[in-house]
Amino acid sequence: MEEILKTSAIIVAAGKGRRMGREYNKQYILLGNKPIVAHTIEVFEDSSLIDEIILVVGKGEVDLVKQIIIEKYNFKKVISIVEGGERRQDSVYNGLRAIDNNCNIVLIHDGARPFITNNIIEEGIEVANKTGACIAAVPVKDTIKVSNESMDVVNTPNRETLWAVQTPQAFKYQLVMNAYEKLQNSNIEATDDAMIIERLGYTVKIIKGSYENIKITTPEDLILGEGILKNRKVEG
Ligand SMILES: Nc1ccn([C@@H]2O[C@H](COP(=O)(O)OP(=O)(O)OP(=O)(O)O)[C@@H](O)[C@H]2O)c(=O)n1
Ligand SMILES: C[C@](O)(CO)[C@H](O)COP(=O)(O)O
């Protein structure tokens, strides 16, 4: 009998949130009346395309998250909650190790991006299935300059070629797992998952993200987030 392979989502929520400046993990700040990370999980929970969710949380937060997030919001697809590591890439690797070999596609998503939509998830899965690796991104709106250490402009890249990269980033499971395993033996610092795949010479496709798919990073993002949430309620 042919084995049915799963589509898994890893949601990384183990960062320190230093730029938010709170005394606790920013993932638990309320947006509307729900913690940021609960908004994020809800989208994957409600997607018929996602079979299971692996949640990566801060050290010592597993029991708390079970209580205040998983049980409270009755999330059924979260099959594993694991602790993250020092850097985002360490947290992602811990998440990848919690997935078994029955997985075909894995989507890696920031817990701090609560406005992800099912349409982006759907396209991510479709394109990763065809090509092996894709990332959500939006064209940059500003002109970008490159500077030297004295803050002199040294270059103005052509904006047509520039993208602001988001998550989810979707991959064939074996491809991304092998890439992360190789990374463990190097000292590469990766600010997203695609960088790790790119280094191995694979092509990563860009799919259309959304300007609403913001990462809640600094206090102003909370104001923006409340606005997006209100607008979605009105549009309903
Ligand atoms: N060691 C880390 C670092 C980041 N993340 C997660 O990766 C996502 C993107 O990171 P970012 O929003 O920049 O979060 P922080 O690292 O928490 O923020 P800061 O850099 O301000 O400390 C977040 O959902 C964050 O929780 C993680 O799981 N483990
Ligand atoms: C992966 C990511 O969301 C792409 O924009 C981002 O790089 C992670 O955030 P960080 O601020 O670099 O930790």
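Guide: A term to start: Ala, Val, Leu, Ile, Met, Phe, Trp, Tyr, Cys and Pro count as nonpolar, Asp, Glu, Lys and Arg as charged, and the others, Gly among them, as polar. This is a predicted model: local features need pLDDT of at least 70, side-chain atom pairs count only at pLDDT 80 or more, and totals for chains, interfaces and linings use all residues. Residues are numbered from 1 along each chain as its sequence is written, while chains are lettered from A and ligands numbered from 1 in the order in which they are written.

Visitor: OK, how do the residues of the shell around ligand 1 divide by class?
Guide: Five are nonpolar, eight polar and eight charged. A residue belongs to the shell if its C-beta atom, placed from the backbone, lies within 6 Å of the ligand.

Visitor: Which ones are closest to ligand 1?
Guide: Val12, Ala14, Gly15, Arg19 and Ser91, out of 21 residues. Strand 1 (6–13) and helix 3 (88–97) are the elements that each give two or more residues to this shell. Helices (H or I, at least four residues) and strands (E, at least two) are DSSP runs, numbered from the N terminus.

Visitor: And which residues are around ligand 2?
Guide: Arg88, Asp110, Val165, Gln166, Thr167, Thr191, Asp192 and Lys215. By class, that shell has one nonpolar, three polar and four charged residues. Strand 10 gives the largest share, three residues.

Visitor: New topic. What is the strand order in the open sheet?
Guide: The order is 5-4-1-6-10-7-11, seven strands with mixed pairing. Strand 5 (78–83) and strand 11 (205–208) are the edges, each pairing on one side only. Two strands pair if DSSP finds at least two bridges between them.

Visitor: How many bridges join strand 7 to strand 10?
Guide: Six, and the two strands run antiparallel. Pro139 has Trp163 in strand 10 as its bridge partner.

Visitor: Now Leu49. Where does it lie?
Guide: In the loop between helix 1 and strand 4.

Visitor: Why does Leu49 count as partly exposed?
Guide: Because it has 15 C-beta neighbours inside 10 Å. Buried takes 20 or more other C-beta atoms within 10 Å of a residue's own, exposed 12 or fewer, and partly exposed is in between; C-beta atoms are placed from the backbone.

Visitor: What is Leu49 in contact with, leaving aside neighbours within four places in sequence?
Guide: Thr7, Ile121, Glu122 and Ile125. Contact here has C-beta atoms, placed from the backbone, within 7 Å. The C-alpha atoms of Leu49 and Thr7 are separated by 7.1 Å, with the residues 42 apart along the chain.

Note on methods
Contact = placed C-beta atoms within 7 Å.
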